[in-house]
Amino acid sequence: MNKRGFTLVEVIAVISVLALVMIIVIPAVSRQFTNSKEALSNINRKNASESAMLFGTDVVTCDKNALNILKAEVSEKSDEAYCVTARDAISTGLEVSLDFLKSNNYLTDYDDRCSGNVIITQVNGEIKCDASGIECR
């Protein structure tokens, strides 16, 4: 009966080849994870910005729901006064948090690892949002 196994040289050769493959594969996989995290952060910022634009549009058009949301932030006034105050706030830059947008159903299905504020402004009649204050872990 002839027993045959692997020689030490063969085992070392296999381990060396596997090590080379791992040296090539691990950085590539790591890079893909990093790229996907960055892409997710960008998507979250864009969603937050669009949600803030919706809220800003509601405020500028004096939507009753948006004004009711803001009533807690502004002293007691008539609905028309709330509308003027809200429009003034938008024209100078209204800063809202992601938590505010979430709690008032402007932002749903959002990644809870992100936090920060969005600044809503109105320039030449157009609502613009700056979501650069959002940080994602």
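The legends below describe close-up views of a predicted model. Local features need pLDDT of at least 70 and side-chain atom pairs count only at pLDDT 80 or more, while totals for chains, interfaces and linings use all residues. Residues are numbered from 1 along each chain as its sequence is written, and side-chain values use heavy atoms, with hydrogens and water left out.

**View 1. The open sheet of three strands, in the order β1-β2-β3.** The pairing is antiparallel; two strands pair if DSSP finds at least two bridges between them. Strands (E, at least two residues) and helices (H or I, at least four residues) are DSSP runs, numbered from the N terminus. β1 (94–97) and β3 stand at the edges with a single partner strand each, so one side of each is left without a neighbour in the sheet. Neighbouring strands are turned by 20 degrees against each other on average, direction ignored. Axes here are lines fitted to C-alpha atoms, for helices over the stretch in contact, and angles run from 0 to 180 degrees between N-to-C directions. Four bridges join β1 to β2, and V96 has V118 in β2 as its bridge partner. Helix α1 (residues 8–60) packs on the sheet and touches β1, β2 and β3; the direction of α1 makes about 140 degrees with that of β3. Contact means heavy atoms within 4.5 Å.

**View 2. The hairpin of β2 and β3.** Strand β2 (residues 114–123) and strand β3 (residues 126–136) run antiparallel and are joined by nine bridges. Q122 has I127 in β3 as its bridge partner. Two residues lie between the strands, and N124 in the turn has a positive phi of about 50 degrees.

**View 3. The disulfide between C114 and C136.** The S to S distance is 2.0 Å, where a disulfide is a pair of cysteine sulfur atoms within 2.5 Å. By this rule the count comes to one disulfide. The torsion about the S-S bond is about 105 degrees, so the disulfide is right-handed. C114 lies in strand β2 and C136 in strand β3, so the pair ties together parts that are 22 residues apart in sequence. C129 is in no disulfide, and the nearest cysteine sulfur, that of C136, is 16 Å away. C114 counts as buried at 3% relative accessibility; buried means under 20% relative accessible area, exposed over 50%, and partly exposed in between (1.4 Å probe, protein chains only).

**View 4. Helix α2 (residues 64–71) and its buried residues A66, L67, I69 and L70.** Seen down the axis of α2, the buried residues fall within an arc of 155 degrees, so they line one face of the helix. The arc is that of the directions from the helix axis to the C-beta atoms. The face turned away from the buried side carries the exposed residues K64 and N65. At the start of α2, a side-chain oxygen of D63 reaches to within 3.2 Å of the backbone nitrogen of N65.

**View 5. S51 in helix α1.** S51 is buried, with a relative accessible area of 8%. Apart from neighbours within four places in sequence, S51 is in contact with L101, Y106 and L107.

**View 6. T85 in helix α3 (residues 79–92).** T85 is partly exposed, with a relative accessible area of 25%. The C-alpha atoms of T85 and E126 are separated by 18 Å, and these residues are 41 residues apart along the chain.

Note on methods:
A polar contact is a pair of N or O atoms within 3.5 Å; within protein, one must be able to donate a hydrogen and the other to accept it, and residues adjacent in sequence count only if both atoms are side-chain atoms.
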